[in-house]
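Here are some notes on the model for your review.

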Amino acid sequence: MRVLFIIQGEGRGHFTQALSLKSMLERNGHQVVDVLVGKSKARQLPDFFVKKINAPVNSFESPNFLPTAKNKQMNITGSILYNLFKLPVYLKSMCFISKKIKETDADLVINFYELLAGLTYGFFCPETPYICIAHQYLFLHPEFKFPEENRPELRLLLFFTKLTSLRASRLLALSFRPMPSLPDKKLVVVPPLLRKEVLQMDASQGDYLHGYMVNSGFSEEIILWHEKHPELPLHFFWDKKNVEKETKVDEYLSFHTLDDMLFLQYMSGCKGYATTAGFESVCEAMYFGKPVLMIPTHIEQACNAYDASLSSAGVIANEFDLDKLLNFLPQHKPNSAFHLWALQSESMFMREICLEDYYNEYYPAIFSFLR
């Protein structure tokens, strides 16, 4: 089967999910023929993804959230106005996506939460079937518990999530724990897409804290905290452009650009992890049994953080207050059930992607002939 990936280029999680799924597909005899990445001028493709995906990669301009002036929280109002102004550009991107689906002759399209993929299927109606993969599709599950957050923003998030999956054949909702699937809503609950490097790596207990921030403005908070606690080693990763691979503040504090293996090495050996509450890295921390401090920057990450806290991942804060993480360490108990759930990933994904009845829906004549 020839598969085309379409990936939302915000943060690190969708890239690592795509790498993991590509490996699974290839182990089971399938081929990823092309990768389309929605990105903005504020973001750049991580080097680790370009080097490891081993497939043609094409980018297109896609809607994104604008940060506030201090590059920490998301500017919702500004983002909406900015993206409305860019509608002609996004229409061009949708034409590009539609053209690529035809040119690659893909048997299946897999969308990693890219808005323009959903809109392309909604308006251009490509014949190639597609499925959607993301933790955000769990927000559409009636049993999902939301935090007490801004209700208008939550409604906007749910609307956005539905737009990313217009006309999708099924939604694979990544989850921290098993939940009932909903065939009538074409929603299937599946484990996280952890890469084989995570599954093969052993955890150890180091003396440092590890972290990741989508918005580099949070580095100021880390530096201020470090000045009060200069004796504790800190290794943080950020998504900052035009900087060295390692920005060394001093002997005990370093900021690193995204490098997947270096990130995992620090993750596996840390004594605690602080993050802006992206789904994927929280899953990696849980698999290694590491306590997590989660600092959401917008409503989507607030939902991620609250959901993760229900699975005993860690604690939630409004800023990078690492004292809160250190105080949580003695209380933390690794979630062994998550470990077992994550190990079911490949079998469940291959079953859902390659189900015969999935193809029956699109190719009834072929299966009728074969029988």
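**Points on the predicted model**

1. R167 sits in the loop that lies between α6 (151-163) and β8 (170-174). Its phi is near 65 degrees, a positive value in a residue other than glycine. The model is a predicted one.

2. D105 also has a positive phi, near 55 degrees, and is a residue other than glycine. D105 belongs to the loop between α4 and β6 (108-112). With a relative accessible area of 55%, D105 is exposed. As background, most residues other than glycine have a negative phi.

3. Helix α4 (residues 87-103) packs with helix α5 (residues 115-123) at about 75 degrees, and their axes are 9 Å apart. The two helices are therefore roughly perpendicular. On the α4 side the contact is made by Y90, S93, M94, I97, S98 and I101, which meet L116, A117, L119, T120, Y121 and F123 of α5. Of the residues in this contact, 9 are nonpolar, 3 polar and none charged.

4. Seven strands form an open sheet with mixed pairing, in the order β12-β13-β11-β10-β14-β15-β16. β12 (246-250) and β16 (314-316) are at the edges with a single partner strand each, so one side of each has no neighbour in the sheet. On average, neighbouring strands are turned by 15 degrees against each other, direction ignored.

5. Within this sheet, β10 (residues 209-213) and β11 (residues 234-238) run parallel and are joined by 5 bridges. Y212 is opposite F237 in β11. Helix α8 (residues 219-228) packs on the sheet and touches β10, β11, β12 and β13 (253-256). The direction of α8 makes about 165 degrees with that of β13.

6. Helix α10 (residues 279-287) lies across β14 (272-275) and β15 (292-294), and runs at about 170 degrees to β14.

How values were computed. Residues are numbered from 1 along each chain as its sequence is written. This is a predicted model: local features need pLDDT of at least 70, side-chain atom pairs count only at pLDDT 80 or more; totals for chains, interfaces and linings use all residues. Side-chain values use heavy atoms; hydrogens and water are left out. Axes are lines fitted to C-alpha atoms, for helices over the stretch in contact, and angles run from 0 to 180 degrees between N-to-C directions. Helices (H or I, at least four residues) and strands (E, at least two) are DSSP runs, numbered from the N terminus. Angles under 35 degrees count as roughly parallel, over 145 as roughly antiparallel, 65 to 115 as roughly perpendicular and the rest as oblique. Contact means heavy atoms within 4.5 Å. Ala, Val, Leu, Ile, Met, Phe, Trp, Tyr, Cys and Pro count as nonpolar, Asp, Glu, Lys and Arg as charged, and the others, Gly among them, as polar. Buried means under 20% relative accessible area, exposed over 50%, partly exposed in between (1.4 Å probe, protein chains only). Two strands pair if DSSP finds at least two bridges between them.
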